[in-house]
Structure formats: C-alpha cells, structure tokens
Number of protein chains: 2
Amino acid sequence: MTRAEPHMAMGNGAEFDIIRRLQARWGPLAVGLGDDAAEIEVPRGERMVVSTDASLDEVHFERRWLTWREVGYRAVTAALSDLAAMAAAPIGVLLALAMPKPTDRIDELADGIGDAVRAADTVIRGGNLARADKVAITTTVLGTVSKPLRRNAARVGHLLYVTGRLGGPAAAIRAFQSGQTPDATLRERFARPVARIAEARWLVEHGALAGIDISDGLGGDAGHLARASQVGIECSMGDVPRMDGVTDEDLLGGEEYELLVTSPATLPASEFERRFDTPLTLIGHVVPGDRVTFLDGGRVASPRGHDHFLR
Amino acid sequence: MTRAEPHMAMGNGAEFDIIRRLQARWGPLAVGLGDDAAEIEVPRGERMVVSTDASLDEVHFERRWLTWREVGYRAVTAALSDLAAMAAAPIGVLLALAMPKPTDRIDELADGIGDAVRAADTVIRGGNLARADKVAITTTVLGTVSKPLRRNAARVGHLLYVTGRLGGPAAAIRAFQSGQTPDATLRERFARPVARIAEARWLVEHGALAGIDISDGLGGDAGHLARASQVGIECSMGDVPRMDGVTDEDLLGGEEYELLVTSPATLPASEFERRFDTPLTLIGHVVPGDRVTFLDGGRVASPRGHDHFLR
C-alpha cells in the first residue's frame, strides 16, 4: 500500500517550489505528490475509512505554547486519532496547508507533520497549498478497516476501559493559561500526543466493540458514545488513571487522544500494558438509560465536554 | 455506494447545533455525519482516488463578486474537478468549514455546497467545523476509478482535445477587477463551473489516455501534462473554442475546470457534443521535446499559467 511511487515531474512557480521543498523535507514519507489526486488500492474485504480535521492558528493552538514542529505534529496526530477511534489502519494523509508567505517555519511544520506520519507508519499522499494570514493545517486521513470500533456499539453490561493516563493536556493548558511553564512531562503529553492506532487494533482483536478517542474530554466523549449507542454510562472517577499534577477538572479535559472503549468481556489489561507501555484501565460500565454518570466516591459529578466551536 | 445511512445520534453544543442545521439543509445529500470517520466500500477492481482543495476568502474568491451560495458551489466543484481530471466517479466529499460566528450565510453556503454535490451525483460523508476570522472551505473528494486519465500518459503523436469553450471565467474576472459587471453568460461561467465528471469517463471509454483539468490556465495545464509525460505539446490558438467577449489573454486564464486530454486516435467529437451539450475540440497534438508551443497563425505565443500561491 505504501510503496514509494515516483513523483510526477512538476512545473515552475512558487507553489511547486514549496511542494518540492516539502518533498525534500519528507523524503520517502511523501508519495505521488503533484498529481491531481492520489490513487489508493484498498485490500479486498476491507473498507475505507476517511476523516478530516482542521488545526487553525489562534483557534486550535496558541503559538506561544508550541514550536512549529509541535504544531505540525499535533495537527496530524489529532486527525490520525480519528482512525484510531475506529480501529482503522492508516494508508495515507492529505494535507491542505494555508500559511503566510513561507519562511523557515514551513520546514519546522513539515518536520512535525513528518514526525506524526512516521509515528503512524503511513505516508503523505497529496494536498493543497494556499497563502493565508494565519497558519491552517487541514488533514484528511485515509485508512482501512475490516472490524471497526463503533460509537454506536456499546451495549448494557459492557465494561468501560480507557487507555493511558488522563489529565496531562488539560494540566499543561491550565499552566500555560496562567502564564506558567508546565511541568515537562505534562507539557510533553500536550505537545506530543500519541494516536492510539496499534492499540485500537489490539483492543478490537481482544473483544472491544465500541470506542471513541477522547478529543472532547472524558465527559463529552462518554456522552457521544452513550448517545450514539442509546445507553447510559457509569464511570468511577477514582479509577481513572491520572498523571502526576493533574486536578479532578484536568482529568475531564480534552485533547487526550486516548481511547475510551467498551467490551462485553474483561480485556487482558496487563498484556496491553506490557505491549504498549501504557495502562488499560477498567473505569466503569454501560448501564440502561441515557445518562453519563461520573461517580466520585458517593458524589455524582456532571462534567461537560469541550466544544470546538465555542473556543 | 451512496445509500442513505442513519446519522449518528449526537450531543448538545454549538458544533452539533451547526451540524444539525447543515444536515437539515442537505437532507439525503449528507450521510453518516457525526461519527469519527466515514466508512466507504470500494468496488472490487476499482482504486480509490482522493484529493483535497481549499477555497479561502480573499485568496480564492472575492466576496463582492459572488453570493455565498456561489462561493460554496465553486469551492466544491473545483475539488470535484480533480476527480474529473482522473476520470474517477465520486463516492463522497468531506468538508472542513471554517467561518466566523455562523449567521445566515451558513445556510447559503450549505445550499451552494449541496448544489455542487447534487450536480456530481454524490454525497457529503463527513467533515469538520471550526471558527475562524474568514470563511475557508477545504473539500476532500473521494472517488473510484478502474481506467484513470493520467497526466503522464501523453505520447508523441497523440491528439490534443479540449472540452467546452474557454475564456469565460477570465473575462468575468477581468470585468470584476475593472469595476464592471460582467456579461451574464460570462459571469455564470465563472460562478457556476461544471466538474466534467461524466465527460471524463466518456472520454476514457472512447480512447483518451492522458488528461488534466484546466484550473491553472490552458498554458499552465498543458505544461503540467507535457512535463509529467516528458513530451512537447503544440496547440493552435485559433482552434481553441472561445466564448463571446473573450480576449486572447482570457483564453489562457484559469479556473475553467474544462478538460484537456490526449488520445492516440480521433475522438467522436460530434457524439460528445450531442451527449453533453458542449463541444469537444481538436486543438493540437503531442510532439517530441519538452516545450508547450501555442501557434497563433504564424506567431508563437508563450503563455504563463497562473500560480495559486502567488495570488
């Protein structure tokens, strides 16, 4: 699928100069740039999965908080996380980049984009360049899947699991917003999230049926899962693994890109942890009804997810 | 491929409110919105073709020239034209929309997007919403193809054909830029281009091998074809069909979204014209070398394509 194809010979002009510069930066990570469209073969029995995600300067990121390399990495990783949410294997990304007159930042952005593409073991298959006042990275991810995780597949009695330790991104943002420098581990968790692609496929192989990536926050995404599946969810806050330095509120923040999955049977969590060097934790279960309830000892919390459009 | 699927049940919040508003506007044109990603089945023996294209306020369009409905229509049609350039059949589009706080313009934009999607007999399969200072529409188009038109398939001796009559968009832009109102027919040609999807598939069935859509201008796109195929192209300017009111310079303008194709044998042009109500015209041929030559009577012209990034 990801074999290197020769690039089309291209003409002159600023647009092609930038494409060539990006190609030079990306090397074998970019295939077939410069044609009208990318051609992709889909293995028999697999379905295509596609999703698009935008990362806009001053909307989705604050330049003071991140290097351009981190901006590029996060934008593409956030998009790839939508493939993880469906347990799809990536077969490529398309990048629509808008930016002011290009300077060195394009190399840094390209390197960050390349880091994310390499981490997901995929390639860049095309894109679009435009000049704009502010940097915008719109990433379309392409993947294939035979057994998808679905939002609407949670059933009463399923167990609810989460990957990783939560709260790092929100804690880092809280520090940034109050003018402080976040703890290095928290900052790294915010700046370099991991799209849980291999983890999602492992989870499906071991019995997970429903799933979502935690981009809107644990409360918001548990809500999406509950509504799509027409079930209720009960989650024990005390069981949610958290990073050091994380408050209760941070724990419910977004931009985690960890996975929230449900499974009819117990998942081999210690095997998961050995394999991926990150925890898989039972944090609740699927119940009748239509409410997401967070149990904090005896107290019931009602967290809100964040809303991209309100930011 | 385009069967209606139930939409996922969705949560509250401004983002979902807008998605619901768009869904209401689009009706059966939108399928499966609200999930992490769209799932698509690819027919056996076909390859996927994907491309992404951005249309940005003040970069790709001037608000004074177009209604929001036309802005939406043109943005999506320009993207769909990349499928036509490869003779692919569309199976859906993903839309990343950025805009200021939504007002009624979102309904107009949605209607224009819907017009373009309907004209291509396809559906909207997902997308992304974000708030930004200016409107940006990034469209990813998905299609399938078994026998593609390719940029690099032009061979010495091939005949060069163009669909439609050229120059309308450039003439309309020229009028706009000089503060005049363009002739209604020229304005319509600029505001409501056609993605030549059915035409491209007909051309392949009748023997066309290489092709490109004329987005950068006849000169620029003939150049792309020549360079990708490592051939020369000779084109007779006098044979290029033009709309009334079009200058020689307009004739070489971009944003046509007509097709430029090469074929080893004569194409049945009158059959094409009867079927699609637009001309198919022999305008030149593929020659040895690496130059694109426009013959204007005895004179040799050297037109330049336009460069999106320089605008």
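How many bridges join strand β3 of chain B to β4(B), and do the two run parallel or antiparallel? In this predicted model, strand β3 (residues 89-99) of chain B is joined to β4(B) by seven bridges, and the two strands run parallel. Within this part of the structure, B:Leu95 stands opposite B:Gly127, a residue of β4(B).

These strands belong to an open sheet of five strands with mixed pairing, whose order is β1(A)-β2(B)-β5(B)-β3(B)-β4(B). At its edges lie β1 (38-40) of chain A and β4 (124-131) of chain B, each of which pairs on one side only. If direction is ignored, neighbouring strands of the sheet are turned by 20 degrees against each other on average. In general, the strands of a sheet pair through backbone hydrogen bonds, in either a parallel or an antiparallel manner.

From the sheet the reader can pass to helix α3(B), which packs on the sheet and touches β3, β4 and β5 (136-145) of chain B, its direction making about 165 degrees with that of β3(B). Helix α3 (residues 105-119) of chain B also packs with helix α2 (residues 68-84) of chain B, at an angle of about 35 degrees and with the axes 7 Å apart, and the crossing of α2(B) and α3(B) is right-handed. On the α2(B) side, the residues that meet α3(B) include B:Trp68, B:Tyr73, B:Val76 and B:Leu80, while among those they meet in α3(B) are B:Arg105, B:Leu109, B:Ile113 and B:Val117. Sorted by class, the contact of α2(B) with α3(B) has nine nonpolar, three polar and five charged residues.

How values were computed: Residues numbered from 1 in each chain as written. Chains lettered and ligands numbered in written order. Predicted model: local features only at pLDDT ≥ 70, side-chain atom pairs only at ≥ 80, totals over all residues. Heavy atoms only, no water. Axes fitted to C-alpha atoms, helices over the stretch in contact; angles between N-to-C directions. Helix = DSSP H or I, 4+ residues; strand = E, 2+ residues; numbered from the N terminus. Left-handed = near helix turned anticlockwise from the far one by under 90°. Contact = heavy atoms within 4.5 Å. Nonpolar A, V, L, I, M, F, W, Y, C, P; charged D, E, K, R; others polar. Pairing = 2+ DSSP bridges.
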